[in-house]
Amino acid sequence: MAAACESGIKPTATITAADTADQVMYNMSHYVTAGGIQRAHVRADTAYFYSPLQTAELRTLHITFYDVRGTETSTLTAREGTYHWGRGDMEARGNVVVVRTDGATLRTEVLRYSQVKNQVSSDKPFVFDDPPRHIIGEGFTSDPDFKVVTATHISGQGGKFTLPNQ
């Protein structure tokens, strides 16, 4: 009898995001505005909203960003992400690609945006291509337009010079 209890039937059910979310949306589309000007358009195949935490877990993420005049500046795609609507912060994860309207491209596995700091960052390896620059690094912090970038362990090429491996 004791052996039967120890080798009893194991439960097959698992708890998923859909089971614990307060709300689930499919083909989610959300416009983020500031002062009446569109700043971002967030789309996801699936969004799981958790009201007490003021967060949403997003799957198959696509975000279009706009400047203070409402002009498109870049797009981000990722496998998934977390949006903290109370703070305005976001984290994108899994094959993150950001493409600016001028063609510059950033690739990494994790990208974080802090609304309070107005800053994007990653502590994961990244590749940034903005012809004629090709930069590889281990992590970075930047303004959202990637005009002022601080990176660690960088290497690459930039116009007429080559950055050494650090």
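This is a predicted model: local features need pLDDT of at least 70, side-chain atom pairs count only at pLDDT 80 or more; totals for chains, interfaces and linings use all residues.
Q: What is the geometry between phenylalanine 49 and tryptophan 85?
A: The ring centres of phenylalanine 49 and tryptophan 85 are 5.9 Å apart and the planes stand at 50 degrees, so the pair is classed as tilted.

Q: And where in the chain do phenylalanine 49 and tryptophan 85 lie?
A: Phenylalanine 49 belongs to strand E2 (residues 37–50), while tryptophan 85 sits in the loop between strand E4 (72–84) and strand E5 (89–100). The pair therefore ties together parts that are 36 residues apart in sequence.

Q: Is phenylalanine 49 buried or exposed?
A: Phenylalanine 49 counts as buried, because its relative accessibility is 17% and the limit for buried is under 20%. Tryptophan 85, with a relative accessible area of 33%, is partly exposed.

Q: What about the rings of phenylalanine 126 and phenylalanine 140?
A: Their centres are 5.0 Å apart and their planes are at 65 degrees, so phenylalanine 126 and phenylalanine 140 form an edge-to-face pair. This pair links distant parts of the chain, with phenylalanine 126 in strand E8 and phenylalanine 140 in strand E10 (residues 139–142), 14 residues apart.

Q: How accessible is phenylalanine 126?
A: Phenylalanine 126 has a relative accessible area of 4% and is buried. Phenylalanine 140 is buried too, with a relative accessible area of 4%.

Q: Staying with E8, which way do E8 and E9 run?
A: Strand E8 (residues 126–130) and strand E9 (residues 133–137) run antiparallel and are joined by five bridges. They form a hairpin with two residues between them.

Q: Which residue stands opposite aspartate 130?
A: Arginine 133, in E9, is opposite aspartate 130.

Q: Changing topic, how many salt bridges are there in the whole structure?
A: The search finds twelve salt bridges. One of them joins the side chains of glutamate 80 and arginine 59, at 4.0 Å from N to O.

Q: Where are glutamate 80 and arginine 59?
A: Glutamate 80 is in strand E4 and arginine 59 in strand E3, 21 residues apart, so the pair links distant parts of the chain. Glutamate 80 is partly exposed at 21% relative accessible area, and arginine 59 counts as partly exposed at 27%.

Q: What is the N to O distance for glutamate 91 and arginine 93?
A: The side chains of glutamate 91 and arginine 93 meet in a salt bridge at 2.9 Å. Arginine 93 counts as buried, at 16% relative accessibility.

Q: And for arginine 112 and aspartate 123?
A: Their side chains form a salt bridge with an N to O distance of 3.4 Å. Arginine 112 is in strand E6 (residues 105–114) and aspartate 123 in the loop between strand E7 (119–122) and E8, so the pair ties together parts that are eleven residues apart in sequence. Arginine 112 is partly exposed, with a relative accessible area of 29%.

Q: Which residues do salt bridges that share partners join into one network?
A: The network consists of Glu57, Arg59, Glu80, Glu91, Arg93, Arg112 and Asp123.

Q: One more residue: where does threonine 55 lie, and what is it in contact with?
A: Threonine 55 lies in strand E3 (residues 55–66) and counts as buried at 8% relative accessibility. Beyond its neighbours within four places in sequence, the residues in contact with threonine 55 include Phe49 and Trp85.

Notes
Residues are numbered from 1 along each chain as its sequence is written. Side-chain values use heavy atoms; hydrogens and water are left out. Helices (H or I, at least four residues) and strands (E, at least two) are DSSP runs, numbered from the N terminus. Buried means under 20% relative accessible area, exposed over 50%, partly exposed in between (1.4 Å probe, protein chains only). Contact means heavy atoms within 4.5 Å. Two strands pair if DSSP finds at least two bridges between them. Rings of Phe, Tyr and Trp (its six-membered ring) pair if their centres lie within 6.5 Å; planes under 30 degrees apart count as stacked, over 60 as edge-to-face and the rest as tilted.
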